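I opened the notebook today to record what I looked up in this model, going pair by pair and then chain by chain. The entries below are kept in the order in which I made them.

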Amino acid sequence: MTTRLRATRRQFLGYGAALGGLWIASCVGAAPPGASTSSSGPRRGGQAVIYITHPDTLNPVISPVSTTIYNTPFFYSGLTRPADDYQPQADLAESWTASPDGKVFTFKLRQGVKFHDGQPFTADDVKFTWELISHPDNVTGRQIAGFFSRVVGAADYTAGKATEIAGIKVLDPYTVQVTLTDVYAPFLTISAGQPILPKALWKDVPVKQLAAHPASRRPVGTGPFVLDTWTANESIVMHAYEDYHLGRANLDRIVSLAVADQTTGFGLLKSGELDAMGLYSSVPIDNYEELKNDPNLEARPVPGLANMYAEFNLRNPLFQDVRVRKALSYATDRGALRNDLWRGQAQHINSPIHPAFWAANPNTTTFDNDPAKAADLFAQAGWKRGSDGILEKDGQRLRFKMQTIQRDYDVVLQEQWKKQGVDMQVERMDFGSFWAPLYLQGKTELAGLNLPFGLYLDPDYPLTGYFSSRLNRNKYKNDKIDELIPAATATLDREERRKRYFDFQETLAQDVPHLWLGVPNEIWGIRKGLVIPKKQTGYLTIRAIKDWYREGKS
Amino acid sequence: MSRYWLGRVLQAIPLLFAVSLAVFAVLRLAPGDPSTLLADPAYLNEQQRAEIQSSLGLDDPLPVQYVRTIAGIATGQLRSFRTTEPTVTMLGNALPTTAAVGLMGVALATFAGLVLGSAAATRPGGRLDRGLGLAVVTAISVPTFVIALFALRLFAEQWHLLPASGIRPIGSSAFDPLASAPHLVLPVLVTAFPIAAILARYTRDAVGEALAEEYVRTAHGKGLAERVVLRRHVLRNALIAVVSVVGTITPLVLGGSVIVESLFGLPGIGRITVQAALQRDYPVVMTTTLFSAVLVIAANLVTDFIYGLVDPRIRLA
């Protein structure tokens, strides 16, 4: 380094950007809920210093990214909110009815609710917000607009062919009626749960300038907390909203710290500067033992929101034979992944439906860890061991590349499969190099990635994009899957939906277009004295923010 | 003389141009796509991606984008892709933190380096000299982030002596130097440590060389006190070598700020640059790197100017 100092002063330019690569934090996911043991009941008062990754904006209508989704419930409410079993519960809507054909919902709104700026909440705000989401100029909100695309007239409105969405009717100041083109079950959970903005504040802001408007960083909603300050890269400070319509929060104040990464966060938790971390800011698995052994801290694993998997690109002839895919699944020891790599803090479900959902079938068939069956299937498919132990068929070796953004299970798979005569090369990539240039173009061989799931409130959300033959990227096509995905949302009967999802999961499992490897837990670390209700996921834990409280004296 | 300095300043313009072009090119060559920041990439379809790209102006020809970026920085109108804040505002908000930590770190390092280095030089091979040698090797071979993590572990987690993160008490947004002071201790020390070690080493060598000069022997010969010889004859001559090193540490401090600010949770330029680079927030990276380039060039000019002050022989006619 001294010699470089002598050499030239200017070569240090851009040094900073290069070092940035060091700080790509590894993300660990979540696990099962337990029972609460607090002795004193909820009391009012006190504050909590928490770490959940800061958002880029607090305007929910323009930002379908996860940081926005889990930071906005502090400040906003929707017509419905999720119960612990993900049934829609009354929030800004007091009640609702569905027409017999399931296509018309009539929401009765709660009266006397006020936005944080004192303006009354009415049905106009609902129609306004839902139209803002679907507005032609709201290009970053398109994914949210997707939740309203089945509303009559929404497509025309987004295409600029109509001045309003005909299917959203304000019947009186406290009644909204929505007419859908088809039955769409997630409407009550996802769509009607979207945060409502005050029309009075936003109606004159050009939609293209929503993001730059100051109120996008200074939210005005009807949620349990009111923003005090948001200092970039430092903190978001908020206080309890006295008039919150579901009852004032127990805590007086919440400080959400901007923390560089999870390791730093854990340091802050240990030093007493943080009271809780967890949602998308899991305690690193390396610190789990230390967390558990600290008498001042509670370790609480919940199921994470990332399903680790490998995806076969079915354009590749190697993978077109289902026996080869199944054999590779049999060659995979998921128990070893769970116990060694994720130190027991993970669960395997052979399904892209989050385990917290009512629709998840934990008993979906898995072809797991059976070397004999793997060898047998390879043989049936015509692959025989060559002189160096690698499988061969017609002079071709079973050799392929895994392009991966997961830097954990890739080498374990490589090792496990090698024993079965599979020669897999691993190419580790960063997200930017992997996603748009390679994966979306269908140019990967075996793709190593994770399925983000469980953040939206209905199991439908990731399914169409990842598994329908119309939108998936690995050329997987099964007509039954293509029918089941929409069929599962086409009834409001949850039992019937569950059956269709079970069918979907089993059908997908038998085709093995993906290898589901495990869902690492999201580990919450909580300083004793702060009581956080136990919920199935980190997101639901945040949604219960009003029930968090401090024990004893503040 | 003033023509010379004017020339030096003018030389900076093509240099800045080259730097900005290089950064712009590197950013665009790096794979990745800013539109995935604004939407959920997992569910982003091609048409939505194109719409977002277009709303960010990313579908314009590259030269147009380049000119717009530079003009935007100059006028303060350029906005972050992610937060839509003007990048100049973000830079302005981050600057005080980086400046405070950097300047205090350099000041501390210079002081410690000069004192330790000259003390070691007067007793070559002594205990201090050998200790310094060890400290220098440590400082140079152990990366900053390791030192920072050790400091955090001990001072914040183990002994609870100092706060581990932030620039002021948690939840406060008011500026209060007293309240911020404990937050600055560790970052300043970590910033100063490697620089102090390097400076001490240079000072030791320069002082050692000066001590062997004949004029020092003469000074001793005419009966001057050791302290006076050291201050008036040795240090002043040794300083020129040291000044040249101080000039080179500006980029070192800026580069170090990336690590120090990330680890200590400081809202400074290094931290926003890293975030922006990882998230392909081109406008922010362009703004902060250009600013850093200006700073480094300015530091070099100042260094050369100070040469003249310390050593009249270098003054230009």
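I began with A:Glu496 and A:Lys499, which both lie in helix H17 (residues 494-511) of chain A, three residues apart, or about one turn of the helix; helices here are DSSP runs of H or I with at least four residues, strands are runs of E with at least two, and both are numbered from the N terminus. The two residues form a salt bridge, with the closest N and O atoms 3.9 Å apart, where the term asks for a side-chain nitrogen of Lys or Arg within 4 Å of a carboxyl oxygen of Asp or Glu. I noted A:Glu496 as partly exposed at 24% relative accessibility and A:Lys499 as exposed at 55%; buried means under 20% relative accessible area, exposed over 50% and partly exposed in between, with a 1.4 Å probe and protein chains only.

Before going on I wrote down the ground rules: this is a predicted model, in which local features need pLDDT of at least 70 and side-chain atom pairs count only at pLDDT 80 or more, while totals for chains, interfaces and linings use all residues. Residues are numbered from 1 along each chain as its sequence is written, chains are lettered from A and ligands numbered from 1 in the order in which they are written, and side-chain values use heavy atoms, with hydrogens and water left out.

**Other salt bridges**

Side chains of opposite charge can pair when their charged atoms come close. Over all chains, I find the count at 40 salt bridges by this rule. One of them joins A:Arg428 and A:Asp410 at 2.6 Å, N to O. A:Arg428 lies in strand S19 (residues 423-428) and A:Asp410 in helix H13 (residues 409-418) of chain A, so the pair ties together parts that are 18 residues apart in sequence.

A:Asp547 is partly exposed at 35%, and A:Lys546 is partly exposed at 22%. Elsewhere, salt bridges that share partners join A:Lys270, A:Glu290, A:Asp294 and B:Arg153 into one network.

**Between chain A and chain B**

I counted the interface next: 61 residues of chain B are in contact with 60 residues of chain A, contact meaning heavy atoms within 4.5 Å. The two chains bury about 5600 Å² between them, 62% of it on carbon and sulfur atoms; this is the accessible area (1.4 Å probe) that two parts lose on being put together, summed over both. Five salt bridges cross the interface, and I also recorded the salt bridge between A:Asp430 and B:Arg280, with the closest N and O atoms 3.1 Å apart.

**Chain B as a whole**

Chain B has 12 helices and zero strands, and its C-alpha atoms fill a box of roughly 85 × 55 × 35 Å along the principal axes. Of its 317 residues, 50% count as buried. Residues 24 or more positions apart account for 69% of the chain B contacts with a separation of 6 or more.

**Positive phi values**

Most residues other than glycine have a negative phi. I therefore noted A:Asn233, with phi near 60 degrees, which is buried at 15% relative accessibility. A:Asn233 sits in the loop between strand S8 (225-231) and strand S9 (235-240) of chain A. B:Thr84 also has a positive phi, of about 60 degrees, in the loop between helix H4 (62-75) and helix H5 (87-122) of chain B; B:Thr84 is buried, with a relative accessible area of 15%.

**Strand S10 of chain A**

My last entry concerns A:Val255, placed in strand S10 (residues 253-257) of chain A and buried at 0% relative accessible area. Its C-alpha is 5.8 Å from that of A:Ile236, 19 residues apart in sequence. A:Ser256, found in strand S10, is buried at 1%; beyond its neighbours within four places in sequence, its contacts include A:Ile50, A:His54 and A:Met238.
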